[in-house]
Amino acid sequence: MAIMVRGKCPKCGQVTDARGNYNCPKCGQPVSFDGLGMLQIYRKGSPIGIAMGFGIYINGQPWGHLANKESIRIPLPFGTYTLHLTCGTNRRCNDLTFTLTPQAPCAYAKGSIKPGFWTNSMLIEPAQPSDMPME
């Protein structure tokens with residue numbers, strides 16, 4: 001099974017998982033990934049059995065959820081972004097800032113939960129392509 005690409009409709013903001021360019025299921029607007037950079041996020045398996053999805057936020061905007069041991073690719077225009085992950089009502093996270101350019105069009109990140117004494121926090125680590133599952 002191939003890793004899904006998560007797109008966001010430029011007209012209505014609907015987030016959709018697809019295998020390539022598509023028409024938005026909500027408003028019908030064509031969504032194209034051509035000429036964009038790409039962020040790939042891998043959620044490492046939770047050692048404490050938390051099955052709840054991680055909320056994905058890029059520059060403060062929601063991009064859906066990431067399941068346990070799931071990996072997705074998010075096409076983005078070239079520029080600088082901040083990635084933030086949440087879990088349930090927990091918003092504590094070490095945000096990751098990354099830049100996509102024509103010379104460096106891909107960024108990779110691994111997300112996990114960091115258990116704490118009173119509360120857990122989200123941990124985002126920069127990653128390499130070799131750290132990402134291919135399927």
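**Exercise 1. Aromatic pairs**

Task: In this predicted model, find how many aromatic pairs there are and classify the pair of Tyr 22 and Phe 33 by the angle of the planes.

Solution. 
- Step 1. The count comes to two aromatic pairs.
- Step 2. The ring centres of Tyr 22 and Phe 33 are 6.1 Å apart, and the planes stand at 55°. Planes under 30 degrees apart count as stacked and those over 60 as edge-to-face, so the pair of Tyr 22 and Phe 33 is tilted.
- Step 3. Tyr 22 belongs to strand 3 (residues 22–23), while Phe 33 lies in the loop between strand 4 (30–31) and strand 5 (37–43). The pair links parts of the chain 11 residues apart.
- Step 4. The cut-off for buried is under 20% relative accessible area. Tyr 22, at 13%, is buried, and Phe 33, at 15%, is buried.

**Exercise 2. Tyr 81 and Phe 98**

Solution. 
- Step 1. Strands 9 and 10 pair in the antiparallel sense over five bridges. Phe 98 is the bridge partner of Tyr 81 in strand 10.
- Step 2. In a regular strand the side chains alternate between the two faces of the sheet. Strand 10 has Leu 96, Phe 98 and Leu 100 on a covered face, with Thr 97 and Thr 99 on an uncovered one.
- Step 3. Both Tyr 81 and Phe 98 are buried.

**Exercise 3. The surroundings of Arg 43**

Task: What lies around the charged end of Arg 43, and which side chain of opposite charge is nearest?

Solution. 
- Step 1. Arg 43 is located in strand 5.
- Step 2. Its charged end sits over the ring of Phe 54, 3.6 Å from the ring centre.
- Step 3. Glu 70 is the nearest side chain of opposite charge, 7.1 Å away. A salt bridge needs a distance within 4 Å; Arg 43 is buried and has none.
- Step 4. A polar atom of the Arg 43 side chain lies 3.1 Å from the backbone oxygen of Leu 66.

**Exercise 4. Salt bridges**

Task: How many salt bridges are there, and which parts of the chain does the one between Arg 6 and Asp 17 tie together?

Solution. 
- Step 1. The count is two salt bridges.
- Step 2. Arg 6 and Asp 17 meet at 2.7 Å, N to O. Arg 6 is in strand 1 (residues 4–8) and Asp 17 in strand 2 (residues 15–18), so parts 11 residues apart in sequence are tied together.
- Step 3. Arg 6 is buried at 4%, whereas Asp 17 is partly exposed at 35%.

Conventions
Residues are numbered from 1 along each chain as its sequence is written. This is a predicted model: local features need pLDDT of at least 70, side-chain atom pairs count only at pLDDT 80 or more; totals for chains, interfaces and linings use all residues. Side-chain values use heavy atoms; hydrogens and water are left out. Rings of Phe, Tyr and Trp (its six-membered ring) pair if their centres lie within 6.5 Å; planes under 30 degrees apart count as stacked, over 60 as edge-to-face and the rest as tilted. Helices (H or I, at least four residues) and strands (E, at least two) are DSSP runs, numbered from the N terminus. Buried means under 20% relative accessible area, exposed over 50%, partly exposed in between (1.4 Å probe, protein chains only). A charge sits over a ring if NZ of Lys or CZ of Arg is within 6 Å of the ring centre and within 35 degrees of the ring normal. Lys and Arg count as positive and Asp and Glu as negative; His and the chain ends are not counted. A polar contact is a pair of N or O atoms within 3.5 Å; within protein, one must be able to donate a hydrogen and the other to accept it, and residues adjacent in sequence count only if both atoms are side-chain atoms. Two strands pair if DSSP finds at least two bridges between them.
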